[in-house]
Amino acid sequence: MSTTTDTASTAARTGTGNTTAASAVTGSTTAADTVAGRPAPLPDLEDHPKVAGERFLVGLFVAVPMAALAAAIPLAWGWGLTWRDVILAVVFYYVSGLGISMGFHRYFTHKSFKAKQGLRIALAIAGSMAIEGPLLNWVADHRRHHKYSDKEGDPHSPWRFGSDWKALTKGLLFAHVGWMFDGNHTSKQKYCPDLLADPAMRRISKLFPFWVAVSLLGPALIGGLWSWSWIGALTAFFWASLVRVAFLHHVTWSINSICHTFGKEDFEVRDKSRNVNWLAILSFGESWHNLHHSDPTCARHGALKGQIDTAARLIWFAEKFGWAYDVRWPDEAKLAGKKSTKRQLGSMTKRAAID
Ligand SMILES: [Zn+2]
Ligand SMILES: [Zn+2]
């Protein structure tokens, strides 16, 4: 561990600021904001570190799907890839990926819209099926990322070790996967008191191992019944469970690594977040990460005209059906001062009043 890392974790451990971390990125206030009696700020990290078994499991879920992905290509030309597997892989990719983008990220972390209970539960379950950790842990880590964003205390900044090419190479690897092996848990009490106070969400988060099983065994079961064969179950498990999870993991992790290093700064930010167009479709719009850091509670990340944002489109549909409401669409007046491009804002934008 370098000195930078040690300082970073010390800073994270002690915590700073008067408002709670959760309110800083959600734009709302929580019970913990109460200044009466001026409680001491909660520490950023929980006081029990990750046990060895937990770190081993993270390693297992990184290594096994990745090995599967490497083996996938030669297998594709040999045997065991059918349209059935492709359909199942795409469906499960969309369900779990949109669960992360629309659910874990835009809804639970940033409250960019309000949702009826049925939709909240569906989003919490769908996101859990991406196997990126339990809901409450994901939200706590991500709110901490926004609080420190490329500074000391950010759980996954590629700039952690410095900005020369050697430090940045190390940093990119750290931001992509290495950070998950950090021995500490982000404090849920400090970063997501709202979700801790919500019994349904706490329960879904606790049931994470069950959602992992559903996500991995679901495709195998459907593939087996669909083809009425064991081999059909096996190929579905390979493509729609292992390969799909590995692919989605790398896309999500790329938002932390690539989208904080390369790309365009279309909107003014204090960190290194950037817009990366080639990842937009695969990431459901998450790679418009520069706008996201410029205006974290905005429901559409690809706010500029022509920027594809599948998650925003789904929020738009949910709003039409009445399942989502009070959606925080891009606000022309608010974004005007931050825009560093001549490009216009796209649809779903709240237009500024013309005098
Ligand atoms: Zn970020
Ligand atoms: Zn975010």
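Of the 355 residues of the protein chain, 45% count as buried, a residue being buried if 20 or more other C-beta atoms, placed from the backbone, lie within 10 Å of its own, exposed if 12 or fewer do, and partly exposed in between. This is a predicted model, in which local features need pLDDT of at least 70, side-chain atom pairs count only at pLDDT 80 or more, and totals for chains, interfaces and linings use all residues. Residues are numbered from 1 along each chain as its sequence is written, while chains are lettered from A and ligands numbered from 1 in the order in which they are written.

**Secondary structure**
- The protein chain has 15 helices and 2 strands, taken as DSSP runs numbered from the N terminus (helices H or I, at least four residues; strands E, at least two).

**Helix 14 and Gly118**
- Helix 14 (residues 310-320) has as its buried residues Thr310, Ala311, Ala312, Ile315 and Ala318, and it is followed by Gly322, whose phi is positive, near 85 degrees.
- Gly118 lies in helix 5 and counts as exposed because it has 9 C-beta neighbours inside 10 Å.
- Gly118 and Trp323 are 205 residues apart in sequence, yet 8.1 Å apart in space, C-alpha to C-alpha.
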